[in-house]
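Please look through the sequence and the model shown here before reading the report that accompanies them.

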Amino acid sequence: MKIALAQIASIPGGLEKNSQKHLAYIQHALKQKADLILFPELSITGYHPSRSKEWALSLDDALWEPFKKLAKGEPGSAHQQTCTIGLGVPLQEAGKPAIAHLFFHPDKRCSVYRKQLLHQDEQPYFQAGTQPLLFPLKDHQIAPAICYEALQPQHAQEAVRLGADVYVVAVAKDQSGMVQAQEYFPKLARKHRIFIALVNSVGANEGFTSAGGSAVWTPDGNRQAPLSQTEEGLLIYHFNKRTVHES
């Protein structure tokens with residue numbers, strides 16, 4: 001299995017331009033035969049909580065159609081490469097939106113994960129999800145987490161209890177947040193004997209600057225070739241060979 005971590009900068013509220021950037025990164029990852037392509041927290045709009053209700057999207061929005069097509073195999077491609085695509089969106093709900101990650105699968109399913117544990121700064125703008133998510137991919141079981149909750153031990157414990165061996169974490173973190181993550185995730189990986197794949201954004205968000213550093217931790221706690229703190233990029237991790245490269 002190959003995971004591609006797409007470390008990008010999002011234009012605040014720029015749905016069309018952000019969508020086009022996502023699609024370009026997905027096409028590049030497909031050329032590398034990635035099985036899962038993961039984008040940062042709220043990647044479609046950028047992390048701007050105070051604008052999220054205004055920018056929230058529904059599950060049936062037409063914006064998702066190109067992603068569905070790429071997930072099940074790009075028309076006209078030589079090998080009809082398929083993949084699962086995970087991207088971040090403020091999701092329309094009754095009342096406040098959810099911080100959600102949508103996973104478009106090759107079989108046309110869309111799995112939805114809503115962030116369950118909100119930071120106190122997010123609570124005025126979002127409502128928390130109530131259900132974990134676990135889905136199979138190749139020989140692995142994938143459980144998503146979104147930013148703050150991934151640093152709360154009970155979240156990973158529940159994922160492992162459900163059978164996860166790969167914990168995929170989408171974040172929007174500044175430099176101090178990434179320092180905390182880099183101290184915490186090696187211990188978490190060793191404790192539960194899981195892989196952790198973290199993708200962060202870069203560039204300006206609401207009130208802070210994301211500090212990149214997207215990386216994978218192996219079950220022995222080793223961090224694999226983190227990306228730049230300031231530049232966009234694509235990190236490809238091959239689980240069977242335990243190799244990583246930037247693209």
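Predicted model: local features only at pLDDT ≥ 70, side-chain atom pairs only at ≥ 80, totals over all residues.

Residues are numbered from 1 along each chain as its sequence is written, and side-chain values use heavy atoms, with hydrogens and water left out.

Helices (H or I, at least four residues) and strands (E, at least two) are DSSP runs, numbered from the N terminus. Two strands pair if DSSP finds at least two bridges between them.

Five of the five residues of strand E9 (residues 195-199) are buried, so the strand is largely enclosed by the rest of the structure; buried means under 20% relative accessible area, exposed over 50% and partly exposed in between, with a 1.4 Å probe and protein chains only. Phe 195, Ala 197 and Val 199 point one way from E9, whereas Ile 196 and Leu 198 point the other way.

| Strands | Sense | Bridges | Residues opposite each other |
|---|---|---|---|
| E8 (residues 166-170) and E9 | parallel | five bridges | Val 169 and Leu 198 |
| E9 and E12 (residues 215-217) | antiparallel | three bridges | Ala 197 and Val 216 |
| E3 (residues 84-91) and E4 (residues 98-104) | antiparallel | seven bridges | Gly 86 and Phe 103 |

**Helices H4 and H5**

Two packed helices are described by the angle between their axes and the distance between the axes. Helix H4 (residues 153-162) and helix H5 (residues 175-192) pack at an angle of about 30 degrees, with their axes 11 Å apart; axes are lines fitted to C-alpha atoms, for helices over the stretch in contact, and angles run from 0 to 180 degrees between N-to-C directions. That angle makes H4 roughly parallel to H5, a term for angles under 35 degrees, whereas those over 145 count as roughly antiparallel, 65 to 115 as roughly perpendicular and the rest as oblique. Their contact (heavy atoms within 4.5 Å) is made by Pro 153, Ala 156, Gln 157 and Val 160 of H4 and by Tyr 184, Leu 188, Lys 191 and His 192 of H5.

**The seven-stranded sheet**

Seven strands form an open sheet with mixed pairing, in the order E5-E4-E3-E2-E1-E14-E15. Strand E5 (110-114) and strand E15 (243-246) stand at the edges, each with a single partner strand, so one side of each is left without a neighbour in the sheet. Neighbouring strands of this sheet are turned by 20 degrees against each other on average, direction ignored.

How values were computed. Right-handed = clockwise from strand over helix to strand, strands pointing away.
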